[in-house]
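Please read the points alongside the sequence.

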Amino acid sequence: MSVVGKKLSSSITAQGADAEGPSPTSPTAGTGGTTTVPKSTITPDYVLQLNKITDDYLCTPDANIYEIDFTRFKIRDLESGAVLFEIAKPSLSDIAHTAGGGEGKGKESVAGTTNDEAATGAPSATTTTTTTGTEDTEETFEPNAGRYVRYQFTPQFLKLKTVGATVEFTVGSKSVKNFRMIERHFFKDRLLKTFDFEFGYCIPFSKNTCEHIYEFPTIPPDLVNEMIQHPFDTRSDSFYFVDGCLVMHNKADYAYNGGL
């Protein structure tokens, strides 16, 4: 199935976060774990009122009972058509081929492509992933692996007006109803923007492609400079709901000083 995502709302806050919203703190703050907020409390309305980035994940990986798996992600500038960033999860055949060749056996790799600003005129992006564990054959299980992405963009990215984000994902044995993503972007504790998209209905064992259209506001020059000077202080929470129940929570941070 291939659709253009339905945008429920997109709000921009220029004066900072709502001081009256719930504060996403928890006893495990800063540990990269999962909060102890009751599951019934974490509704779309709840996350829309959060006044800062969450300290931890609001659900565990096993909350994804629908086996939703994002396999490809692409960002493009709608005005120029330039692909700014693209990353794909290797297929089972790719993994089998790699294992058969004796390279990286037992490990999954992530293949990504970036565009060179000098060659295309488009801002480039890179991602960074961190792996922890010993150097021998024993591997350390990281429960939150794949839930966090770090982006490195050039300052030109902050001048873009409209960006298309295409996601490809698969679904397991359960049908997915009212699949919704709420994405909250903050610079430090200042709410920059909120995006609210609907994916719609997904049948079991389906492969789906959806492009969400992000319309960016004009950012004041002083804020642009501050965001460039403070890499990775711009962060986002992406909350995924099925029938109003939180099933996935991903995080990202961003730098806009690439090439400087």
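1. Basis of the note. The model is predicted, and local features need pLDDT of at least 70, side-chain atom pairs count only at pLDDT 80 or more, and totals for chains, interfaces and linings use all residues. Residues are numbered from 1 along each chain as its sequence is written, and side-chain values use heavy atoms, with hydrogens and water left out.

2. Arg76 and Glu211. Arg76 counts as partly exposed because its relative accessibility is 25%, the term covering values between the limits for buried (under 20% relative accessible area) and exposed (over 50%), with a 1.4 Å probe and protein chains only. Arg76 is joined to Glu211 by a salt bridge whose closest N and O atoms are 2.6 Å apart; the term denotes a side-chain nitrogen of Lys or Arg within 4 Å of a carboxyl oxygen of Asp or Glu. Arg76 belongs to strand S3 (residues 69-77) and Glu211 to strand S11 (residues 207-215), so the pair ties together parts that are 135 residues apart in sequence. Strands here (E, at least two residues) are DSSP runs, numbered from the N terminus. Glu211 is buried, at 13% relative accessibility.

3. Asp253 and Arg150. A salt bridge also links Asp253 with Arg150, with 2.8 Å between the closest N and O atoms. Since Asp253 lies in strand S13 (residues 245-255) and Arg150 in strand S7 (residues 148-153), the pair ties together parts that are 103 residues apart in sequence. Asp253 is buried at 6% relative accessibility, whereas Arg150 is partly exposed at 27%.

4. Glu168 and Lys207. In this salt bridge the closest N and O atoms are 3.6 Å apart. Glu168 is in strand S8 (residues 162-170) and Lys207 in strand S11, so the pair ties together parts that are 39 residues apart in sequence. Glu168 is buried, with a relative accessible area of 16%, while Lys207 is exposed, at 52%.

5. Salt bridges in total. How many salt bridges does a search of the whole structure find? The search returns 9.

6. Cysteines. The whole-structure search finds 0 disulfides, a disulfide being a pair of cysteine sulfur atoms within 2.5 Å. For Cys59, which is in no disulfide, the nearest cysteine sulfur is that of Cys245, 8.6 Å away. Cys59 is buried, at 7% relative accessibility. Cys210 is likewise in no disulfide, and the nearest cysteine sulfur, belonging to Cys202, is 8.5 Å away. With a relative accessible area of 1%, Cys210 is buried.

Conventions
Helices (H or I, at least four residues) and strands (E, at least two) are DSSP runs, numbered from the N terminus.
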